[in-house]
Amino acid sequence: MDLTRSIRAIADAADAPDGVIDWDAVAEAAKGGCEPGDLRMEPAEREAFADDVRAARDGLRAASGVAFDLPDSVEVQHRHHWIDANVATFQRVLAPLEDQAGGVFPGVARSINSGTMAVSLAFLARNVLGQYDPLLLAGADEGDHGLYFVRPNIQQAAVELGVGYPRFRRWIAFHEVAHAAEFGAAPWLPGYLEERVETGIASLSEGTSLFGAGAQSREALGELNVAMTAVEGYAELLMDRAFDDEYDDLRAKLDARRRGGDPITNLLKRLLGFGMKRRQYERGAEFFATVADETDLRTASLVWDRPEHLPTDAELDDPAAWIRRVA
């Protein structure tokens, strides 16, 4: 790490001409907060990554019955590459906040905001294993999306969990490609999520806290949480049903990794909403496993036919009610 680089970037953010966040400073400081990691690969490993993705595509197509396409952009990255891609994402999502004044000392506020965002991205960059990016709010053409694998983190996690790197890498590929299957099955999903993200962020751009947000914003954020619970839960079900190897040990060890960590790591996880994300995994996976066990995987896949087929918050805890309504 190069903390001097981070401190200098955040200090310089105060002198940026405008905006509540200096995104160039965020990228610079976040990179100073984590090592990029090793991205040197032999041709055999590059081909193995490609084979994992192809196997995931074929297995998930067969299991789900969805003829989805892989993203044009499939990248094996190190941590700094991931930061660059996600700085652009956060900048798009938080664009409505850019018109907010910084109070009496806008430069100080800009440095604090930029520093907070940089710490968050540096932490995430050290922990993210893979990412399916539907390029929400990007103004991209329909069908544009990306798939990223953070090789140093996958290698490190495999060592920490005591599992073989090739097998663990393949399992991560199945998880991320499962998200591509979901978005391929539901061309309406990006627009649905975008609308709810925009509504929720709009309440902040108007100077309203999330706790004081109006009914429309609270409803949008609630719908966003339910939709993401479905996205995470269905992906867990689909990858488990399609993976071409045993996975119980991988599931147990990765779940323990999500729950574990030192006190500082756990604090950052709470601040970044990792507890909510873990709950989304667990609640969504339980819902879809119940639906698939009581019916079949094709019935569970009906969730992506149209927005009205998404479960309600109550139905997530009562899969039978969803089955009666949709199946």
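# Legends to the close-up views

**View 1. Arg283 is buried, its relative accessible area being 11%.** Here, buried stands for a relative accessible area under 20%, exposed for one over 50%, and partly exposed for anything in between, calculated with a 1.4 Å probe on protein chains only. The model shown is a predicted one, in which local features need a pLDDT of at least 70 and side-chain atom pairs count only at pLDDT 80 or more, while totals for chains, interfaces and linings use all residues. Residues are numbered from 1 along each chain as its sequence is written, and side-chain values rest on heavy atoms, with hydrogens and water left out. Arg283 takes part in a salt bridge with Asp313, and the closest N and O atoms of the two are 2.9 Å apart. This pair joins distant parts of the chain, since Asp313 belongs to helix α14 (residues 313-316) and Arg283 to helix α12 (residues 274-294), 30 residues apart. Asp313, with a relative accessibility of 42%, counts as partly exposed. The term salt bridge is used when a side-chain nitrogen of Lys or Arg lies within 4 Å of a carboxyl oxygen of Asp or Glu. Helices (H or I, at least four residues) and strands (E, at least two) are DSSP runs, numbered from the N terminus.

**View 2. Arg167 and Asp245 meet through their side chains in a salt bridge, at 3.4 Å from N to O.** Distant parts of the chain are linked by this pair, with Arg167 in helix α7 and Asp245 in the loop between α9 (215-242) and α10 (248-259), 78 residues apart. Arg167 is partly exposed at a relative accessible area of 25%, and Asp245 is partly exposed at 38%. In general, side chains of opposite charge can pair when their charged atoms come close.

**View 3. Glu47 and Arg54 form a salt bridge in which the closest N and O atoms are 2.6 Å apart.** Glu47 has a relative accessible area of 43% and is partly exposed, and Arg54, at 33%, also counts as partly exposed. Counted by the rule given in the legend to View 1, the salt bridges come to 20. Elsewhere, Asp51, Asp52, Arg169, Arg170 and Asp244 are linked in a network of salt bridges.

**View 4. Helix α3 (residues 43-64) and helix α7 (residues 165-185) have axes that come within 9 Å and cross at roughly 45 degrees.** Each axis is a line fitted to C-alpha atoms, for helices over the stretch in contact, and the angles run from 0 to 180 degrees between N-to-C directions. Angles under 35 degrees count as roughly parallel, those over 145 as roughly antiparallel, those from 65 to 115 as roughly perpendicular, and the rest as oblique, and α3 and α7 are therefore oblique to each other. Contact between residues means that heavy atoms lie within 4.5 Å. Among the residues of α3 that meet α7 are Asp51, Asp52, Arg57 and Leu60, and among those of α7 are Arg169, Arg170, Phe174 and Val177. The residues of this contact divide into 12 nonpolar, no polar and 6 charged, where Ala, Val, Leu, Ile, Met, Phe, Trp, Tyr, Cys and Pro count as nonpolar, Asp, Glu, Lys and Arg as charged, and the others, Gly among them, as polar.

**View 5. Helix α6 (residues 151-161) also passes α7, the two axes coming within 9 Å and crossing at roughly 120 degrees.** That angle makes α6 oblique to α7. The contact involves Arg151, Ile154, Gln155, Ala157, Ala158 and Leu161 from α6, together with Tyr165, Phe168, Arg169 and Ile172 from α7. Sorted by type, these contact residues of α6 and α7 comprise 7 nonpolar, 1 polar and 2 charged.

**View 6. Phe68 sits in the loop between α3 and β1 (73-77).** With a relative accessibility of 1%, Phe68 counts as buried. Phe68 and Ala181 are 113 residues apart in sequence, yet their C-alpha atoms are 5.6 Å apart in space. Leaving aside residues up to four places away in sequence, Phe68 touches Arg57, Leu60, Arg61, Val177, Ala180, Ala181 and Gly184.

**View 7. Val20 lies in the loop between α1 (3-13) and α2 (23-32).** Val20 is buried, with a relative accessible area of 13%. Val20 and Arg110 are 90 residues apart in sequence and, from C-alpha to C-alpha, 4.9 Å apart in space. As background to these views, the protein chain has 15 helices and 3 strands, and buried residues make up 49% of its 327 residues.
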